[in-house]
Amino acid sequence: MNRADLHAPVEGAQNEVLVRLEGIGKVFPGVVANDDISLEVRRGQVHCLLGENGAGKSTLISILAGMQQPDSGHIEINGARVAISSPRVAMDHGIGVVYQHTTLIPTLTVLENLMLGDTGRLPLDRKGAMKRLKEVSAKLGADINPNALAGDLGLGQQQQVEIAKAMWQGSKVLILDEPTSMLTPQAIAELEESVNRLKAEGLAVIFITHKLREAYAIGDCVTVLRGGRMAAYISPEELSQYDEEAAKKRILEAMFGDDIDNVSADQAEELAGATRAGQDHDADAAASRPVVLELRGVSSHAGRMEIGIEDVSIAVHAGEVLGIAGIDGHGQSALAETIAGQRSAQKGAVLFEGREVTKLGVRARQRLGLRYVTDDRLHEGIVGDLSVAVNLVLKRIGQAPFWKRGQINRSAVQAEAAERIAEYEIRTPGADTRAGTLSGGNIQKILLARELSHDPKVVVFHKPTYGLDLKTVHRVREAVRRFAAEGGAALLISTDLDELVELSDRIAVISKGRIVGEVANDSSGTSERVGELMTGSTREPSLA
Amino acid sequence: MTEAILVAFLIGTIAAGMPLMLAALGETIGEQSGVLNLGIEGIMLIGGYFGFVAVLMTQSFWLGLLVGTLAGVASSLIMLVLSVWLGLNQIVVGIAITLAGSGITSVLHTQNYGSTNPRLGLDTPWKIPFLSDIPVVGPSIFSQPGMFTVALLIAAAVAWWLHKTNPGLRLRAAGQKPASLDAAGGSVLRTRSLAVLAGGAFSGLGGAYLALLSTGAFTPFMTHGLGYIAIVVTMLARGRISWVVVASLVYGASVAVGTAIQLTNINLPNDVIKMLPFIIVMITLIVFARSAYIPPALAVPYTRGAR
């Protein structure tokens, strides 16, 4: 669709200011989360809010939603100063929020989830709620089954229910906090359509994202935050003058400021979240290299709250990255843990360099060079109360040279720690600092340093960049790429399609614990084809 | 089997099952809201003791049951303040309440009634017209104290409240995902506070039922782990009130079978008979424990904004 059509002023809406933030400041112990931030939200406009993790987006939103109180500044709604002291007050002012992490309760039905904010009389008003749901879904252009359990819905539909929930009390301002981070391209398109419909209805939308592409495609105006401060405001007039490239460049400059010089054009493009298909290396070359890791018809049991895997057969060659795409919770954990040896396979065989390792435990596989970078870095990846140094050798407990005759060899551990901390630029006050006190990005660096050292041959990366800031994301992706370039075999499990397309040679799709297809990542349109496979057999009812 | 034995069996089933049902209803309300109250054993004893004292003083069973309920509410205030408001570990606080409750009541009982050991006698039953004339079920089920009918009504009311009302929905949300309730404008603290008080009320009432109606006297430590069995029933029932009722009656029947057997000629050692309910609980656990379900936010204090 033509951008000019999409962004034409909405008829009937006078674009009056609905919400005005003036000089908002918020300080947490040791961090200035928000510093003198001012912005306006107008009727019939999509205001995009961009910034890295830690730039203060979430804090600003939780202030607007009544979850936090600002230390300075004030909020005006319809020209009147208000204090948003609780989520209830925010709702009464017509502010609806779709949080980044789902707030739907999986064990309740869609209707029950929607009615959660109702007050009114004692008995649940199901009839009234059904009527209201009809109105809201007509506005959204979504078809929502009220009696399905929220946990049974696909992510795209869950997102629609979240929006319906945010609009339930007749919201005038809708805040969407990184709504696309877990969605397939198809679901993102549907979401964009819904947002445009709402805009046409005269709602004001605040759209938070870190993907420049989306900011340009959906936003009428853009505010960029950096380090808690406003780095730039791009007005609708200014934005409409730019083409996509110019807009991205302008936003990137604002996001990284002086650092932009250190970010190469390539990196910038990648930070911008562009879908870049077509890997440089030759797919045939990878196929001719030896298979390092192979799964033959492997099945393993379900874990708690998640399904297992069924008859999975995959092969990873030396020097290639095999991506595993899929909606979260479709057996990814079972797959990763079965390869790592943390979960036993009921059927089939796991082969490492042609040798069967199905019966080997975690430690034996670790020694062979089969490594696992877990997605649960905080709980499974490290022991928070132990030092960074010990965490770096956590998987070598009892082994020489770090342990001698059952005793820890402090100097060897310290030397190893110093080397890894320098190599991976782990930002820690010292090697003896408790690992749990570090930031998520630095914890991930500990995991990478541990798994990628001492001769790794196969590494399973499980959602390695989830929840990290852009610079660490870049570093992690670089580590994956370098590992494969040096001849390692990488299995990359991710829910971020852009990441998979950027790094993988091939992408296999997992759905309900089965591998439903594989796409060679050699031409454009990879993410669309993967998206089709992800929803394919279990296609959700049309939302548009 | 003779009619007398059947009547004794049914009466025994109700006498043993009702206190458990009331306590498990209370525990269900607490657990659904995300508060695990391990103090239920102590709360039952406190409810039982003070209900007992009230009947001794006033001769009114209804007043005794009311006092037992209020004593349950009062003792659950500890849980409310320490665990819900201040976020202390619910398991530690719960065990403390159980220990304190059993200690205090046994000391008070020994001090005041240790030498006399008074008994209460029987509450006048509500004989339901016509139905109470039916053989077997008439003199057993339809000639129970009025509290029996009230207890069943309470169970129905709790089921309706949990699943068909706005506050009930909020209560379940508090146990599943408190942050969602908060974001939806509900108050997690308020919801959980009220749930803890209601749970304490029903547990206290259950203890009073046990002392006043099932046993006719208070004796120290008389619950013998009934509070813990209530927790087991709650976990197996997963918030379904009909399961709470059925599981409680099954437990009651396993106790009553022992009593009934003693009336027959079957020669079973007394110890085996006393073991029966526990064996049945263990078998039930082995069979069903896999499906036991705990609300995700159970025993996790809620702090806004914490992840």
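Let's start with a pairing in chain A: strand 4 and strand 5 run antiparallel and are joined by three bridges. Keep in mind that this is a predicted model. Chain A has 544 residues, 49% of which count as buried, and its secondary structure comes to 21 helices and 22 strands. Chain A also touches chain B, through 21 residues of its own and 18 residues of chain B.

- On to another pairing: strand 1 (residues 17–28) and strand 4 (residues 72–77) of chain A run antiparallel, with five bridges joining them.
- Two of the residue pairs here are Leu21(A) with Ile75(A) as its bridge partner, and Val19(A) with Ile77(A).
- Put together, this is an open sheet of four strands in chain A, in the order 2-1-4-5 and with antiparallel pairing.
- Which strands of chain A stand at the edges? They are strand 2 (31–42) and strand 5 (80–82), and each has a single partner strand, so one side of each is left without a neighbour in the sheet.
- From one strand to the next, the twist averages 25°.

**A buried helix**

- Helix 2 (residues 57–64) of chain A has eight of its eight residues buried, so it is largely enclosed by the rest of the structure.
- If you want to find them in the model, the buried residues of helix 2 include Lys57(A), Ser58(A), Leu60(A) and Ile63(A).
- Following helix 2 of chain A comes Gly66(A), with a positive phi near 85°.

**Where chain A meets chain B**

- So what does the contact take from each chain? Chain A gives 21 residues and chain B gives 18 residues.
- On the chain A side, helix 3 (87–92) and helix 4 (110–115) each supply at least two residues.
- Helix 3 of chain A provides the largest share of that side, with three residues.
- Sorted by class, the side of chain A that touches chain B has 11 nonpolar, seven polar and three charged residues.

**Chain A as a whole**

**How confident is the prediction?**

- Chain A has a mean pLDDT of 83, and 89% of its residues reach 70 or more.
- Where in chain A is confidence lowest, and where is it highest? The lowest is in helix 1 (residues 3–6), at a mean of 48, and the highest is in strand 20 (residues 489–493), at 95.
- Over residues 8–13 of chain A, pLDDT stays under 50, and the model has nine contacts for them beyond four places in sequence.
- Residues 537–544 of chain A also have a pLDDT below 50, and this stretch has 18 contacts in the model beyond near neighbours in sequence.

Conventions: Residues are numbered from 1 along each chain as its sequence is written. Chains are lettered from A and ligands numbered from 1 in the order in which they are written. This is a predicted model: local features need pLDDT of at least 70, side-chain atom pairs count only at pLDDT 80 or more; totals for chains, interfaces and linings use all residues. Two residues are in contact if their C-beta atoms, placed from the backbone, lie within 7 Å. Ala, Val, Leu, Ile, Met, Phe, Trp, Tyr, Cys and Pro count as nonpolar, Asp, Glu, Lys and Arg as charged, and the others, Gly among them, as polar. Two strands pair if DSSP finds at least two bridges between them. Axes are lines fitted to C-alpha atoms, for helices over the stretch in contact, and angles run from 0 to 180 degrees between N-to-C directions. A residue is buried if 20 or more other C-beta atoms lie within 10 Å of its own, exposed if 12 or fewer, and partly exposed in between; C-beta atoms are placed from the backbone. pLDDT is the predictor's confidence in each residue, from 0 to 100.
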